[in-house]
Structures are given as C-alpha cells and as structure tokens.
Amino acid sequence: MSALTPSAVRRRKTSAAGPAPAAPAAGREPLWRRRDRRWALFFLAPQLLGLLVFLVGPLGFAVVLSFMRWDGLGDSTWIGLDNFRALLTDPEFGRAVWNTVKIGLITVPGGLALALLIALALHNVRGRTAYRVVYFLPVVTSSVAVSVIWQMILGGGADGILNGTVHDLLGITPPDWLADPDWVVVAVGVVTIWSSLGLNVVIFLAGLSTVPPNLLEAARIDGAGPWQTLRSVTLPLLSPTVFFTVVVSVISSFQAFDLVYVLVNPDHNEGAQTIVYKVYQQGFREFRFGLSSAAALLLLLMTLVVTAVQFKAQKRFVHYES
C-alpha cells in the first residue's frame, strides 16, 4: 500500500468537503458586507426620514421662501434679494441684532466665569452630587416658570421685590429693570446666566475631573501657588471644555427668545427685541413669511461665521492631550 503524499491528502479532504466557495470577483463587494449595509440602512431609515422631513426639508423651503413675498395663503411672488435689502436697511432689525450681541456679551463671559469659579470651589468638596443637583435645577425648570418668577423679582418698578428691598435697605431707587430700554438687556442677561449656570457648572466639574492630580501635585512641589497652578496647569488642560462651553453659549445667546418674550413685552420695549423675536414677529404676527425666512437665514449666517471664527481661533489657546 503506497503512502499518501501531502498533496493527495489535501485533494481528498477537498473532494470530501465539497467544492470551495468561489472568491468574490475583483472589485465586487462580498455578500456579507452588502447584507450588513442593507440592515444598517433599514435601522437608520426612520432617523434619516425624520431628518429629511423635519430639518432638511424645512431648511430648503426657508431658503427658497427668503427670496419670495408670501403671506401664507395667497400666491407667492419671486422678489430676489429684496427681503435681505429690506432687513439690512431696517433700523429696527439692526437694533435687534445689537440687542442680541449685547445679550451674548453679558451672558457668555459672565456666565462662564461664574460657572468656572463655582466648579473650582465645588471640585474637592464632599457631597458634590447634591450641589450638582441644586445648581442644575434651574436648567430643567420651564423657561416660562423662570421668567414669571424673575418678573416678580425685577418688575413692579419701585414697588417690586428687588427694588423695594434695595430702597428700604440702602435708600436708593434702582432702575426699572424690565421697562427701561437701557437696562432690560442687563436684566435678560442676568436671568439667562442664572438659568444656564447649572449646566456650565456640571460641564466644568466633568472637565476638572480629567485633570491629572500628579500634575497639580508636581506644580505644588515646584513652589507654584494656587493662582499659578490654575493659570499654568488647570486652565490649559481645561481649555477643550472651555472652548466647548463658549461655542454652545454663543449659539444659545443668539437664539434668545423665550425668556425675553415672557419676561419682557418686546412689543412695547425695543430694547428687548432680538433677532429671533423679529423672526417670530415678521412671520407669525405680520404674516410676512419671506421676510421672516430671510431674517432666520441671516441669523444662521451670523452663527456660522462666529462659530467658524471660534474654531479658527481655538488652535491658539486650546490644548488637547496627545
């Protein structure tokens, strides 16, 4: 009986097991990969459909509508760039843009600085979870409820809760925060800072927990004081968190509407009118949907430009760990 060579053994095993599966042709996807792609599209279809119907579709319709004159019922008329020219030459819209910028100048640096100080104070405190819950409560509270409460505190002129207390204790009469056009933006900024403080505090606490303790200890051993440690170690390592909160806070300040609408009556106080309020006024009060869409697109363009500048500038002050 002759011995089987290795090649003969392989041929016998192949013939017993049946023909080997054919390799996919060059440039053709394997069957399993095409099957996985079909299942992925099946599970993603509801989300993609919702994105198309509720975001992409309305955005495209708003872009087309911004070049038209339409009251929502009658025939629409193509007018080109007339809506944008009307907005850019309208003093009221320019005032609304400036009011929106002022709200951002108050809420972004003031709110983030206060949130960072509170986060630094709570970082090594026992029972941080309880403090997080307390500071986060205004974030989950309805903006209407927040506005009504602060309306009771800041409103009423000299007879209001805040003004009456200050007058009784110090003998001075503060301004009418919600009626004076020069002070209403300050009032809106203070309420916005209070309502969003908890979110920024929680984000900064999460960022501080990622700072390596050995680096802080090394800085103390080298003789660095608390301020030097904060400036040279903590803040550079916290810069990605700071950058994130700045971008989110700026975008949120550009969208100021609900607090302004409930806290103040923008119809009778031009100092409280913002860009989003002008979008609402033109569209749902005066039924000038083309003008309203143009204002919304200008707000979108303004947000994109400011965000792009922030992402360009982050290369100079944001330090990511390698």
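This is a predicted model: local features need pLDDT of at least 70, side-chain atom pairs count only at pLDDT 80 or more; totals for chains, interfaces and linings use all residues.
Residues are numbered from 1 along each chain as its sequence is written, and side-chain values use heavy atoms, with hydrogens and water left out.

Q: Are helices α9 and α10 roughly parallel or roughly antiparallel to each other?
A: Helices here are DSSP runs (H or I, at least four residues) and strands are E runs of at least two, numbered from the N terminus. Axes are lines fitted to C-alpha atoms, for helices over the stretch in contact, and angles run from 0 to 180 degrees between N-to-C directions. Helix α9 (residues 213–221) packs against helix α10 (residues 226–254) at about 165°, with the axes 10 Å apart. Angles under 35 degrees count as roughly parallel, over 145 as roughly antiparallel, 65 to 115 as roughly perpendicular and the rest as oblique, so α9 and α10 are roughly antiparallel.

Q: How many nonpolar residues are in the contact of α9 with α10?
A: Contact means heavy atoms within 4.5 Å; L215, L216 and A219 of α9 meet T229, V233, T234 and L237 of α10. Ala, Val, Leu, Ile, Met, Phe, Trp, Tyr, Cys and Pro count as nonpolar, Asp, Glu, Lys and Arg as charged, and the others, Gly among them, as polar. There are 2 polar residues, no charged ones, and nonpolar residues number 5.

Q: How are α5 and α8 oriented to each other?
A: Helix α5 (residues 128–140) and α8 pack at an angle of about 135°, and their axes are 6 Å apart. The orientation of α5 and α8 is therefore oblique.

Q: How many charged residues does the contact of α5 with α8 have?
A: From α5, the contact draws on R132, Y135, F136, P138 and V139, and from α8 on W194, S195, L197, G198, L199, V202 and L205. By class there are 9 nonpolar residues and 2 polar ones, and the charged count is 1.

Q: Is T100 buried or exposed?
A: Buried means under 20% relative accessible area, exposed over 50%, and partly exposed in between (1.4 Å probe, protein chains only). T100 lies in helix α4. Leaving aside neighbours within four places in sequence, T100 contacts S253, F254, T274 and I275. With a relative accessible area of 0%, T100 is buried.

Q: What is the relative accessible area of F287?
A: F287 is found in the loop between α12 and α13, and F287 has a positive phi of about 55° although it is not a glycine. F287 is partly exposed, and its relative accessible area is 46%.

Q: What distance separates the C-alpha atoms of T77 and L65?
A: T77 is in strand β2 (residues 77–78) and is partly exposed, with a relative accessible area of 39%. Beyond neighbours within four places in sequence, T77 contacts F67, M68 and R69. T77 and L65 are 12 residues apart along the chain, and the separation of their C-alpha atoms is 9.5 Å.
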